[in-house]
Amino acid sequence: MSETAMLHNSLLVGALLFGIGLIGFISRRNMIVMFLCAEMMLQGVSVSLVAWGRFHDNWGGQMLVIFILTVAACEAAIALGLILMLFQRSGRLDIAAWQDLREDSVPAYVDREIVEVREENKLWPKLTPSGIEPPVDPEEIMHREHV
Amino acid sequence: MDTLLILIPALPLAGAILVALFGRQLKELSHLPIAVAIGTSCVLSLFLLNEVNQKATDPARPANAVGYEHTVTLWTWADLPDVYQPPAPLGANQPEGTATPSPAARDYSFDIGVTLRADPLTCIMLSMVTFVSTLVTIYGAGYMHGDRGYWRFFAYIGLFVFSMTMLVSVSNFVLLYVFWEAVGACSYLLVGFWYEKPSAAAAGKKAFLVNRVGDFGFALALFLIWSNYGTLNFHDTTITNTVTQVSETTMGVLGQMRLADPALFVGGGAAMAICLLLTLGACGKSAQFPLHVWLPDAMEGPTPVSALIHAATMVTAGVYMVTRCTPLFVASAGVPAFHLGDYPVDAGDVVAIIGGFTALFAGLIAMTQHDLKRVLAYSTISQLGYMFLGVGTGTMAAIVAGMFHLITHAFFKSLLFLGAGSVMHAMGGIIDMRKFSGLRHLMPVTCLTFLVGCLALSGAPPFSGFFSKDDILGAVHDKAHHAAELGHTMRGNLYSSLYWVGMIAAILTAFYTFRGFFLTFMGPEKIPAEAGHHAHESPRMMTVPLMILSVFAAFIGGVFFFWHGFADFLRRTPSLAFKPVADTFVAHAEPHWDVMLTSSFGALLGIGIAAYLYLGKNTEAKFLAERLGPLYRLSYNKFYIDEIYNALFVLPTWLLAKLSYVLDQNVIDGLVNLVGWIPRFGGRLLRSLQTGMVQFYALAMVLGLLVLIAALVIRPGG
Amino acid sequence: MDNWLNILLILTVMLPVAGALLVWLLGWSGRTDIRPLALAVSLVTLGLTGWIISCYPGGGKELAVSNFSWLGGPDSIVNIRFSLGLDGLGLWLFGLSSLLTLTAILVSWEAITERRTAFFGLLLLLETGMLGVFTARDIILFYIFFEFTLIPLFFLIGIWGSEDRRYAAVKFFVFTLAGSLLTFLSLLAIVLWNYTATGQMTFMIGELVAGLQQHPMDASLQLWVFLGLFAGFAIKVPLFPLHTWLPLAHTQAPTAGSVILAGILLKIGTYGFLRFSLPMLPDGTAVCTPWILWLSVIGIIYGALVALVQTDFKRLIAYSSVSHLGFCMLGIFALNSLGMEGGTLQMINHGLSTGGLFACVGMIYERYHTRQISEFGGLARRLPFLAFFTLVFTFSSIGLPGMNGFAGEFLLLAGMFQRGWSESPEQLGTQFMWIAVLAVSGVVLGAWYMLYMIQRIFFGPLKEPEVHLDHGHHDHGPASPAGTTAHGTSAHDSHAHDTHGHGAIATLPPGVPDLKLREFFALAPLVVFVFWIGLYPEFFLRSIRPNVVDLFPPAARDLYKNYGDPIKRPYVEPLDEAIANAGPAHSKEAAQ
């Protein structure tokens, strides 16, 4: 296979990956799936970078891909953490449940209604304030559900 | 001489500062520093007068010297070098035949020093001011006794005397203006002395504002003088350049160098404008016709203040200023636009007309007032009108007569005011003549001294007012005669009508003066309830100044009249030694016996009418008042001048002000808010894009990316 | 040469910032009373300021010029330098900033009860901003200080203001900022023009002036650049009709804020015109002069009229500022030495008198907690000393001769009139004369509204709003000097007997205290300067003059006359140093 053909094929694969990821990101509501789609877009870009790197006989592309992988790993950790938090708040993975960052005058848009099952009254552990001794409520210590 | 000149104003200032700082400790002794300071100033003024007199009349002086002046500069107020070059050459519009050594075109400096001057005019004013002030201060110590603001009163008085002595002794227009306003401020403080009385506070403000209107004219006149002459100093100044050692002399506006040659004065419309604006300023301070409204209201102040400021000293500042600026007024003749029939009008004529009219006008109002102090206030306006008539007439005799009247008036009018104050003191602050009468037994000293004042004011023969008023009328008469001889019919007619106006005003003067005297001191004894235990003759501290003043009021006129030294001394003032004025001087002029006879007759007529109407039961007076209803009301309501001014000036300004405020709040601020609203409106438009949906944002990003890519692809050559 | 002086100048300018940091550091817990510290810092700053000013040699020299590389460097394209220095234009405003900060701190001593630490820190921060503006020698540094004054004042108004403070603060901030961004563009345009003309990238004001005088901008470009500068400076001044933020900000600001806003911040606008517009853009100035003069005179009359009908005394004084700043602008744009010197002097005068007035009415507000004039009457009985000081500042503000207002007003009006009289197109001259005449009538109106206010507040029968007598005291720390009432009213009442029965109240019921010692010291220095400038203006004019004349060399006089036909102005070498040394009055021969 010639270098050009190989480049073309790789770019095609990359573009496909990117496109699938993009479409998935825009059309799906499940946060995990959206995250995976975003990763897929990243991989699409990585593939094309590797392809270009090879085509130009330059290690820059590969280097950048490794860099992207690192970043993606961090990103994954943060994103999954966020998703976990959101899930714990609402008990569900639907992104449509989180539209709070909109203007007051704009109505929430949901194409299919979702049943509201937030568990607001659940007691979550708090971070201990650093530096100063927090006021301790003996009752709370006695009746804490879990640490 | 320098020390004297500096000490005369400095002493009252020092006294004022002392009292202001330690007044609360001095308490009832607060009058002492002021009285001592002003008294000393008075003595020093007389020394100065003597010294100036010796030097000015020294036969060894060069014959061609234009008057006598001596200046001393304390410090430089402002000195802006080379700021201006007057555009038009000086000496335009001058009568031909005078060589015009036009000063070299060069940049003039705005050089104003705190400069005091001594010349005959200043010395006379200084002596008069400090003398009357001393007496009034002593009187005030009795009058204000027990007042809460005792020390404050004397601090203000000291400040006033300082300002007034400075006013007459400074030697440039800027400082003249400075102290011109400073005496106005002292007047504001003193009129509003009993600030808890709303009418007093309002009167003080009114006095200040009306004076400000006059000062508006004065300030513009100053700017015009600066723009035309390139200096504001009276005297000639010399500056030596420290580098090149070249001396450069700037002619003062009224300096001896300029006075030596009439062609060096600016003529034409500018001169006319300068003089008319100066006249406006003088009218404000001296309460002449369009701007006289503040003086009667100013009677709200303590009576010693009325005597000192609003009768003897401050209000004569306008006369002083016009006298000082006589050369400017003379130079204003010959503007083609201002003609009176066959003769060009000069600004002096305007002054004379204003003066004559005011003399009559104020006399008419004074006839019907019930408030003794207001009668005296209108009488002051009227007498100031005489002085204006005198100085406006512009011949040496008339100017000297105007100044002569200024002096005599200072004595007899302050005497009258102090007498009225004595009555007021006894009546517990009541000064309405309907509420008391027949006080001659209760207050014999006051009654007698007041009578002397009344005789002097009405111009009864041997008293001082007689001589000074006759001098003015005689000078006006002469001018009319002279103009007629020269064939200036209209001018002759003008002055002869002014003469008759003055004569009628003299009758009115005698009438209202004695009306006041009869209503107060004659008739059945009647004392208002407010008088309480005060209803007795005033203490020695008040009556002694009355007696001293009455001696002067009685005799000073005669002394000056028969001793020609006054005119001879005064004419050595540089401004009056100006050639066109000096040429009209006649040594040992024949007294105007005809004028004297007419005016004595007029005075007696006025007194007679007053006696007929107001001695006895006053029924005729009431009858006359009813029969002449509209005229009476017109006079009683002061020709509705206050109301007219209110409707013409005050109300429109208020409406305009209200309108401006509404405009400000709605239109101007509205426009600003409109501009502020534009971004907000834009935000509102874009607001619906903020949906909070993650996918929407992602889509927007993709679309944006596509647009970018499309732009890159489609871009020609890209 | 004066190496130690330029270090001293930097120290003086930076000392308040250090003070502010220290104040915040010490006062963070809220337990320490940091007011004495703030006072000490401002006093030291004032002392240093006085010291530097006393070292000023005069003759148009620049004093204590420091010059450090700051952003970029001499070899990079951007060479913004940290350069401070003083000359005659900024000298007295520099001093006034220190003086008024002291007044501001003293009047806030008890008036501010919440978040004191933050307040006094911000005041000190503001002081650095003001000192910096008047000393900056680099155009970017100037702009930074120029904007830097905004931020502390924004917080001062927004946090410690009256009922409408948020709105006022935002309006003040946005209005001023909007203008000053355009100013920034113009400043950059000046720098870039100079770069293209001389090939030298410099931000130093002195070099820019020299460069632009040698290579003047195109006339049309000058106009645009001038208008850009105008946007920022005219709003700051504020020139009619851009003034509406001012009454609002003044009314809502705490006393200290009003004092500083009126006293100093407004002058930055006029100072900007003097420092940048006039020397750098002569053609633009010439074209705009008639317009600006008309706006100024409209502002004079209009401000006075609106002040006449105010019912709120702070708002009244705010409108009077609009009127008075009109006078300053009139003087500056008379474009002759008389007018410009008068205008420059009037900037200082207005700072003293209006600053003092705001301090005085602030003291009344602190006692009674209302600003409505109608609620007061006869306060001269209750507060004689405060009445005295208010009267002094009032007289000064209406231009009573012998006090500072007169000196400035007279010079600038004479200058304006002279301009009209000697203007060569006669039509324009007539126009200018009318402007001068109208401006003089503004003086009459000025006396009217001020005396009307005095009459309503201080004269007449005593009438005061209800106060809880201990109101002003409940929040004092134990160390506060609340008990040091310097001059009680009792001494004044010892002669209650009034023979003339002029409606005096025999004995005064207890009420709010008269001036305290602290308040006396807040006002007294201003009074000293009020009289000093009034009686001996030459002392101040002497150091202002050479710089004003420098801005406006005599050769340019002809240029400004032909305003419709801009000519390239020849660059005039500064006067020979020997002659400049010889003193202001005596350079006639050399100048010709």
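Three residues of helix H25 of chain B are buried, namely B:Ala657, B:Ser660 and B:Asp664, where buried describes a residue with 20 or more other C-beta atoms within 10 Å of its own, the C-beta atoms being placed from the backbone. The model is a predicted one, in which local features need pLDDT of at least 70 and side-chain atom pairs count only at pLDDT 80 or more, while totals for chains, interfaces and linings use all residues. Residues are numbered from 1 along each chain as its sequence is written, and chains are lettered from A and ligands numbered from 1 in the order in which they are written.

H25(B) is hardly covered, with three buried residues among its 46. Helices here are DSSP runs of H or I with at least four residues, numbered from the N terminus. H12 of chain C is included in what covers the buried residues of H25(B). A bend of about 40° occurs in H25(B) at B:Asp664, the bend being the angle between axes fitted to the seven residues ending there and the seven starting there.

Turning to the interface, 69 residues of chain C are in contact with 63 residues of chain B, contact being a separation of C-beta atoms, placed from the backbone, within 7 Å. H18(C) gives the most to the side of chain C that touches chain B, with twelve residues.

Elsewhere in chain B, B:Lys206 lies in helix H6 (residues 198-229). B:Lys206 counts as buried because it has 20 C-beta neighbours inside 10 Å. Beyond its neighbours within four places in sequence, B:Lys206 is in contact with B:Trp294 and B:Asp297.

Methods: Contact = placed C-beta atoms within 7 Å. Helix = DSSP H or I, 4+ residues; strand = E, 2+ residues; numbered from the N terminus. Buried ≥ 20, exposed ≤ 12 C-beta atoms within 10 Å, placed from the backbone.
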